[in-house]
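Work through the two exercises below with the model open. Each task is followed by a stepwise solution.

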Amino acid sequence: MSNAKHILTGMQILLNQEWKSNQAVIIEEGKIKAIIDDKMVSHHLPASVHEWPADHYLTPGLIDLHVHGANGADVMDGTPEALQTISTALTQEGITGFLATTITASAKELSHVLQCIAETTPTLAGAAVLGVHLEGPFISHGKKGAQAEGMTPDISLVKKWQHAAQDRIKIMTLAPELPGAIDIIKKLREDQIIASIGHTEATFEQTLEAIAAGCTQATHLFNAMGAFHQRAPGPTLAALLSDQVCAELITDEYHLHPAVVELALRLKGKDRLLLISDAMRAKYLGDGEYTLGTQTVCVRAGKATLPNGTLAGSTLSLPQAIQNMAQYSHCSLIDAINMCTVNPARILGLTAKKGSIEVGKDADLALFNPQWGAVLTVREGEVVFGA
Ligand SMILES: [Zn+2]
């Protein structure tokens, strides 16, 4: 589909925050060339015209800021094959871009994985790697969740990793209460890397200090961080109350109670929430035993846990996350879609190219049936999933 001219028509299209019918999207040279009245399609031939049912929905391609793995592969496998497996697999749910997300490992292993991501990114044929989310290794002992034991923050290591990643690190999750973490947050800010608090035992006050130093995000808010208490409100409330902070949410039935999702929406507002999967290698494979780093993860009914019961990522799909978000928080489906299209594109600085269906932007598109199953995924004008 890359350089040829294609016209998608018939379905409802998410345009300017509304579902529009009787419109058609013209794709040429990887971009959205025009959006026209569908009666005018004949004026734009020759082109291959793809006619879809009126009960199908065309949205911007979905963006997942937190993906560890899928379909048997993990970013930490550190091979081009693993990244290609993940990139291909994610297209089946309408994802066109994601952040390859690492977990706590030795400095050397992380350098190797990051180098592999940097070298492989340009060759990937499915969903695009839009950068790296470095989750850890500067995380707290008490909130490591399914991660390995963290290490003491060291600014020289961050420099080394960003070099290995060829400047592809976009987000770093760290615990701000660790010694030296605040200086790292300031440095990340200077280098335009998003500092995201997570896997943390920080107090409310320590979190405010991190926010003052330039932290603008919270990693899977509420999970792997100190809980709210009326006399010790912890990192969650600091993140909820700061307008500077965007929050990742895993809106599956295991990570968050629906009322907590509603609370997050009320306090953060629809523009500061980011729906993520935190998906691990079991995604798309069903129940069974898998590994996450050096640990064994058991998946039952889609719920991934360590032997001690700690949640270990998810197998959630973004279309399901969108539906859950709307159901739990009573926001509109469009608001929920924005949380994995417009919002992540904005925080990655990609608004000019991605995140919405607009003329001149990359033709990153996802077409869904009435049950929100993806039937077609287009990345930069190229069909990467479906007919
Ligand atoms: Zn994660």
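Buried means under 20% relative accessible area, exposed over 50%, and partly exposed in between (1.4 Å probe, protein chains only). This is a predicted model: local features need pLDDT of at least 70, side-chain atom pairs count only at pLDDT 80 or more, and totals for chains, interfaces and linings use all residues. Residues are numbered from 1 along each chain as its sequence is written, and side-chain values use heavy atoms, with hydrogens and water left out.

**Exercise 1.** Describe the site of the zinc ion.

Step 1. Find the donors (N, O and S atoms within 2.8 Å of the metal, or 3.2 Å for Na, K and Ca; water is not among the atoms, so sites may look incomplete). H66 (NE2), H68 (NE2), E135 (OE) and D278 (OD) coordinate the zinc ion at 2.0 to 2.3 Å.

Step 2. Read the spacing. It is H-x1-H-x66-E-x142-D. E135 lies in strand β12 (residues 128–135) and D278 in the loop between β17 (273–275) and β18 (288–292), so the pair, 143 residues apart, links distant parts of the chain.Strands (E, at least two residues) and helices (H or I, at least four) are DSSP runs, numbered from the N terminus.

Step 3. Judge the geometry. The 4 donor atoms subtend angles of 85 to 171 degrees, which makes the arrangement irregular. Four donors count as tetrahedral if all angles lie between 85 and 135 degrees; four count as square planar and six as octahedral if opposite donors are over 155 degrees apart and all others between 65 and 115; anything else is irregular.

Step 4. Check burial. E135 counts as buried because its relative accessibility is 1%. D278 counts as buried at 7%.

**Exercise 2.** Which strands does β1 join through bridges?

Step 1. Apply the rule: two strands pair if DSSP finds at least two bridges between them.

Step 2. β1 and β6 (residues 48–51) run parallel, with 4 bridges. β1 and β4 (residues 23–28) run antiparallel, also with 4 bridges.
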